[in-house]
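Thanks for sending this one over. Here are my notes, point by point, to read beside the model.

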Amino acid sequence: EITITVAGDSNAVPKADHTFKVDPGTKWDGIKLLANSKINYTPGYENKTWRFYNASGQEIPANHQFNADTTVYAESQRITTPHVEVIITVDGDPHITHKSTDHTFKVNKGETWNHVKSLAADTIEYAEGYENDTWKLADASGAEILSDHKFETNTTVYAVSKKTVITITVAGDENVVLKTPGDRTFTAYYGDTWSALQSQSEGKIDYKAGYENAAWKLNNASGDVIAADYRFTTNTTVYAVSKKKTITITIAGDSHTRIATAGDVNKLKRDYGVTWSEIKDTAYNLITGHDENYTFSAWKLNSDGTGAEIEPTHKFTADTTVYAISKRTHVILTIRGDSNIIVPNPDTHTVAYDSQWGGANETAVKALLGYQSGFKLKGWKRNGSDGPDLGDSYRFKNDTLIYALSKPDKVKITVTGDSHVQITPAPNNEFFADDGAERK
């Protein structure tokens with residue numbers, strides 16, 4: 001707002017209250033009567049004209065717009081023709097109060113509302129958060145007063161208020177982007193709190209990947225943080241300050257792995273985009289032990305151990321749980337066999353996890369077996385006599401039952417020949433040889 005100061009000659013003496021404020025761009029034609037109301041004229045005198053600053057100033061044109069603080073100077077003259085005046089009474093709704101007990105003023109008969117309006121407005125004030133909406137004739141249900149309305153009789157003008165509308169402008173730092181380019185403002189009412197307006201402000205913006213809100217401030221990055229109960233009473237810029245988004249990497253283990261969790265030490269707070277290589281060692285140090293016969297195997301994103309092992313370059317962009325997957329250190333072979341196999345006591349043998357049957361494991365187990373007279377080992381099955389063959393390349397990842405099959409240690413040889421060969425009759429043409437013996 002700008003200030004208009006009223007001055008005058010010796011017959012146009014300014015009243016004690018001889019200043020008033022107007023919006024920049026206000027035209028002289030609309031405030032001339034208001035200025036005139038700030039003057040006490042010597043009886044028999046009236047206004048002749050208005051000048052800028054003093055008696056030597058230029059006469060003020062009706063369409064002059066005020067854009068800076070200005071002094072207007074009343075030049076008086078003797079009254080030659082008495083004026084017929086009408087009384088204007090000012091009234092208004094419950095959000096309006098009068099500046100004085102006298103709610104009336106006089107204007108020349110035939111004066112227009114365009115000239116009278118500022119004078120009427122100067123007699124009242126609005127409750128906090130309210131401003132003028134319109135003026136009506138007589139009361140709230142009266143007709144709206146048009147700018148060229150002429151006052152020919154005593155009249156009541158009625159001020160209708162409305163809640164003061166303010167504009168909120170949303171801005172932010174380099175990591176804040178508008179959802180719709182150019183759409184950064186919205187309207188609110190005088191007195192609205194930040195708790196009521198925050199969601200609308202947030203609705204105007206997004207953050208670049210990996211960033212989130214750190215705080216909202218008034219005007220710019222150097223402004224005060226906006227409290228929830230802060231009341232907006234004027235057009236205001238709210239400024240979003242960003243921060244690197246924090247995500248939580250939770251370190252967990254499968255059912256055979258123990259992880260330190262006291263004080264949520266296994267919940268690693270890291271910046272958005274952290275790689276597995278940056279936190280892998282920290283995660284490993286949280287493993288406190290394993291069940292008997294188990295050891296660490298791999299880090300995976302699935303609790304059941306399925307899926308690929310986490311790569312060192314894997315980036316975390318959301319809260320994630322990673323799992324320490326265990327593996328057996330060894331497996332137990334339970335030895336069984338047919339009726340001609342003498343199973344050892346105890347009937348178990350321990351082998352390394354994922355070790356191969358053929359070679360050292362098979363040799364060690366075979367050494368534990370005994371045989372009924374006349375029998376030896378034929379081969380091996382898994383899971384029982386009718387199970388699949390136990391081949392040399394089979395690898396043990398779980399406890400397994402292995403089953404030994406026997407065969408006689410000697411074979412009967414029966415000698416026969418064609419029609420030109422004479423063979424001793426049975427049983428003299430039969431004999432026994434060691435199973436696997438070579439013909440000499």
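1. What share of the 440 residues in the protein chain is buried? Buried residues make up 36% of them, where buried means under 20% relative accessible area, exposed over 50% and partly exposed in between (1.4 Å probe, protein chains only). Please keep in mind that this is a predicted model: local features need pLDDT of at least 70, side-chain atom pairs count only at pLDDT 80 or more, and totals for chains, interfaces and linings use all residues. Residues are numbered from 1 along each chain as its sequence is written, and side-chain values use heavy atoms, with hydrogens and water left out.

2. On overall build, the protein chain has five helices and 36 strands (DSSP runs numbered from the N terminus: helices are H or I with at least four residues, strands E with at least two). Its radius of gyration is 52 Å, well over the 22 Å that the globule rule gives for 440 residues, so the chain is more spread out than a compact globule. That radius is taken over C-alpha atoms, and the rule is 2.2 Å times the number of residues to the power 0.38. Along the principal axes, the C-alpha atoms fill a box of roughly 175 × 40 × 40 Å.

3. Now for valine 365, which sits in helix α5 (residues 360-366). Valine 365 is buried, with a relative accessible area of 0%. Setting aside neighbours within four places in sequence, its contacts (heavy atoms within 4.5 Å) are Leu333, Ile335, His349, Trp357, Trp380 and Ile402. Glutamate 85, by comparison, is 280 residues from valine 365 in sequence and 128 Å from it in space, C-alpha to C-alpha.

4. The aromatic rings deserve a look too: a search of the whole structure finds 15 aromatic pairs. Rings of Phe, Tyr and Trp (its six-membered ring) pair if their centres lie within 6.5 Å; planes under 30 degrees apart count as stacked, over 60 as edge-to-face and the rest as tilted. Tryptophan 28 and tryptophan 50 form an edge-to-face pair, 5.4 Å centre to centre with 70 degrees between the planes. Tryptophan 28 lies in the loop between β4 (26-27) and α1 (32-36) and tryptophan 50 in strand β6 (residues 45-52), so the pair ties together parts 22 residues apart in sequence. Both tryptophan 28 and tryptophan 50 are buried.

5. Tryptophan 113 and tryptophan 135 also form an edge-to-face pair, at 5.4 Å centre to centre and 65 degrees between the planes. Here tryptophan 113 is in helix α2 (residues 113-121) and tryptophan 135 in strand β14 (residues 130-137).
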